[in-house]
Amino acid sequence: MEKLRIVFMGTPEFAVGILDTIIKNNYEVVGVITAVDKPAGRGQKIKYSAVKEYALENNLRLLQPSNLKEETFLAELQSLNANLQVVVAFRMLPEVVWRMPKLGTFNLHASLLPNYRGAAPINWAIINGETKTGVTTFFIDDKIDTGAMILSKEIGISSEENAGELHDRLMLLGSDAVVETLSLIEKGNVRTTIQIDNSEIKTAYKLNRENCKVDWSKSATEIHNLIRGLSPYPSAWCFFKDNNEEWNVKLYEAKIILEEHNFSTGQIITNKKEIKVAVKDGFVQIKSLQLPGKKKMLAHELLNGVTFSERAQAE
């Protein structure tokens with residue numbers, strides 16, 4: 001059995017949970033690689049990644065290369081004398097990096113590969129109405145999320161669960177998967193499975209403004225899945241238009257009402273407590289939303305100060 005000397009690579013909160021579990025299971029982490037500091041928010045203040053904050057709090061050796069092929073970084077990485085690298089929500093690695101350690105470099109991906117390779121697997125599983133997902137560990141190769149799989153763990157998705165809730169459950173499941181993978185590698189018991197491509201594989205495309213916009217011509221279920229699949233971040237959005245005014249609205253929580261009606265698609269129907277948008281097979285009731293310059297609020301809170309006319313439309 002070979003003692004592991006691990007370099008961990010990751011950036012967001014999801015990666016922190018995994019790194020913390022590795023540390024708490026008494027594995028030696030000789031270095032942490034994360035993204036460079038970037039200005040964020042209205043004040044453009046420098047913001048540390050969640051992984052950097054954790055590394056500083058726990059006195060871990062930290063590297064923040066802007067160029068993963070730069071000779072100084074490669075020399076520093078080599079000097080850590082790691083025999084294994086673990087990657088969680090980082091970026092694509094050049095071959096000179098992932099081939100460096102003797103025992104290889106493995107990645108934790110938040111899907112049941114080969115489905116949902118790409119940048120946003122948690123979101124797209126919900127957006128596409130999946131009832132199950134999971135995590136997979138695999139050895140990195142020269143493409144994105146295509147390497148030989150080590151192990152996977154499955155979890156169900158409830159019909160009301162949002163991306164934030166699923167993220168937290170997958171972080172816990174991923175922690176278990178990484179520790180189990182480390183044990184297999186440490187004992188020399190890894191048996192990999194090659195990913196088989198086919199035309200039905202679903203992709204976790206990078207989220208952008210266009211694919212986060214609600215299309216009110218779709219079914220109530222499809223719209224509901226989009227809203228919960230993008231909640232709390234980056235959020236689904238649309239325009240509310242009424243009396244020559246237009247608001248760019250973020251939508252966080254909704255409810256499906258399936259029933260026949262005579263309203264036009266996208267028409268906004270309100271009473272003192274509810275906001276509903278008419279769709280082809282019923283209504284999407286908006287439970288939580290945010291208008292420009294306002295805080296996130298419940299529908300009835302918005303309706304205390306805003307009145308919509310009968311011509312109000314969601315587009």
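Predicted model: local features only at pLDDT ≥ 70, side-chain atom pairs only at ≥ 80, totals over all residues.
Reader: What is the order of the strands in the open sheet of seven strands?

Author: The pairings can be followed from strand to strand. Strand β2 (residues 28–33) pairs with β5 (residues 62–63) in the parallel sense over two bridges, and five bridges join β1 (residues 5–10) to β2, also in parallel. With β9 and β10 included, the order is β5-β2-β1-β6-β7-β9-β10.

Reader: Which strands stand at the edges of this sheet?

Author: A strand at an edge has a single partner strand, so one side of it is left without a neighbour in the sheet. The strands for which this holds are β5 and β10 (149–156).

Reader: Do β7 and β9 run parallel or antiparallel?

Author: The sheet has mixed pairing. Four bridges join β7 to β9 (residues 132–139), and F106 stands opposite F139 in β9. The direction of this pair is antiparallel.

Reader: Which residue of β6 does M9 stand opposite?

Author: M9 stands opposite I33 in β2. In β6, M9 stands opposite V87.

Reader: Why is β6 described as largely enclosed by the rest of the structure?

Author: L84, V86 and V88 point one way from β6 (residues 84–88), while Q85 and V87 point the other way. Residues on both of these sides are buried. Strand β6 is therefore largely enclosed, the number of its residues that are buried being five of the five.

Reader: How many residues of β2 are buried?

Author: Buried means under 20% relative accessible area. By that criterion β2 is mostly covered. The count is five of its six residues.

Reader: What is the handedness of the β-α-β unit made by β1, α1 and β2?

Author: Helix α1 (residues 13–24) forms the unit together with β1 and β2, two strands that run parallel. Helix α1 also packs on the sheet, touching β1, β2, β6 and β7. The unit is right-handed.

Reader: How is α1 oriented relative to α2, roughly parallel or oblique?

Author: The axes of α1 and α2 (residues 50–57) are 8 Å apart, and the helices pack at an angle of about 30°. Angles under 35 degrees count as roughly parallel, so the orientation can be read from this value. The contact involves E13, A15, V16, L19, D20 and I23 of α1 and A50, V51 and Y54 of α2. The orientation of α1 relative to α2 is roughly parallel.

Reader: Which elements do the buried residues of α2 pack against?

Author: The buried residues of α2 are A50, V51, K52, Y54 and A55. Of these, A50, V51 and Y54 take part in the contact with α1. The elements packed against are β1, α1, β2 and β5.

Terms used:
Residues numbered from 1 in each chain as written. Heavy atoms only, no water. Buried < 20%, exposed > 50% of the residue type's maximum accessible area, 1.4 Å probe, protein only. Pairing = 2+ DSSP bridges. Right-handed = clockwise from strand over helix to strand, strands pointing away. Axes fitted to C-alpha atoms, helices over the stretch in contact; angles between N-to-C directions. Parallel < 35°, antiparallel > 145°, perpendicular 65-115°, else oblique. Contact = heavy atoms within 4.5 Å.
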